[in-house]
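Visitor: I am new to this structure. Please take one part and walk me through it closely.

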Amino acid sequence: MKAKLVITPKKAVLDPQGKTVANALEHMGYAGVTGVRVGKYIEIDLAPGTSATEAHKALNEAALRFLSNPVIEDYRLEIVE
Amino acid sequence: MTTASVMRFAILQFPASNCDQDCVHALRVLGSQAKLVWHKDTSLGEVDAVIVPGGFSYGDALRCGAIARFSPVMQAVSRFADNGGLVLGICNGFQILCEAGLLPGALIRNRDLRFHCEQVFLKTANFETPFTSEVRRDGVPIRIPIAHGEGCYFADAPTLDRLQAQRQILWQYCDASGAVTEAANPNGSVLNIAGIANERFNVAGLMPHPDRAVEGILGTEDGRGILNSMILALESRRASAVAVA
């Protein structure tokens, strides 16, 4: 059982890395790219038999308090078997 | 009498702090006492002020300052700040105080993705604080070094409005003439913000290093004004406490 957390910079926050990657894609000839945001992916192993609901609740709290910074980042949390 | 008037600073020390000794040295040069307090300590001991120094606490894992803010010593710093104690965060220390919620906003990657290690000019935007009262007021900007890769200050629009309305912006990057321009902004910070204070003006943070600017041999002594402001504020607090007693 795993938790997957995808963290991305908020829309209003500058993302110079994303911009640089977007420019590179354009130079490489990948047409049609209109924007890139570079974020983080965190994978958390959970003990077998953990309640998905409980894990979601606890990790949601951890994501808000610690794993992401709500001032600058958004996140998406997913619990998978 | 002499020892009673010497101010005692706690300098926090995290794994990978690297400006802790600079802070100790700078404060001793200015006639204050400074002691290091380990990140696992749960108490600051008898001190008058706290400095959260620069460095790369916990290797900047996850985000700059994200791990340090949950260290035992930071719980003590939060209590100290809640009680009105003076706290200054420098560079990584500023990042830690923002992560801890003791200061609003956050510090993100420099706009050009480069680490900047250079002297910058700072305009002091509010002189009526315990961190700025002794900074030169003749309109000449102070010159202080920066050394950071994640010093781009960000806060949302309502927070910026509040910072401006309450004069919590203490320092802004400017050019040699004191003009706050886009070209003088080394990292992309909103409103050229280099340092801010909280609403009570007892907690402040800045990316530039006053601790590296107290001796002429290092090129600038302009950091003295900032640290001396804290020392003077502490002295007048102690004097009024004695008067009350």
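Guide: Look at the open sheet of chain B in this predicted model. It is formed by 9 strands, and their pairing is mixed. The order across the sheet is β2-β1-β3-β4-β11-β10-β9-β6-β7. Two strands stand at the edges: β2 and β7 (142-148) of chain B. Each of these has a single partner strand, so one side of each is left without a neighbour in the sheet. Neighbouring strands of the sheet are turned against each other by 25° on average, direction ignored.

Strand β1 of chain B covers residues 8-13, and strand β2 of chain B covers residues 33-38. The two pair in the parallel sense, over 6 bridges. In this pair, Gln13(B) stands opposite Trp38(B) of β2(B). Helix α2 of chain B, residues 20-29, belongs with them: β1(B), α2 and β2(B) make a right-handed β-α-β unit.

Now move to β3 and β4. Strand β3 of chain B spans residues 49-52, and strand β4 of chain B spans residues 86-90. They run parallel, joined by 4 bridges. Here Val52(B) stands opposite Gly89(B) in β4(B).

Next come the helices that pack on the sheet. Helix α3 of chain B, residues 72-82, touches β1, β2, β3, β4 and β11 (203-206) of chain B. The direction of α3 makes about 130° with that of β4(B). Helix α6 of chain B, residues 223-244, also packs on the sheet. Helix α6 touches β3, β4 and β7 of chain B, and its direction makes about 165° with that of β4(B).

Note on methods: Residues numbered from 1 in each chain as written. Chains lettered and ligands numbered in written order. Predicted model: local features only at pLDDT ≥ 70, side-chain atom pairs only at ≥ 80, totals over all residues. Pairing = 2+ DSSP bridges. Right-handed = clockwise from strand over helix to strand, strands pointing away. Axes fitted to C-alpha atoms, helices over the stretch in contact; angles between N-to-C directions. Contact = placed C-beta atoms within 7 Å.
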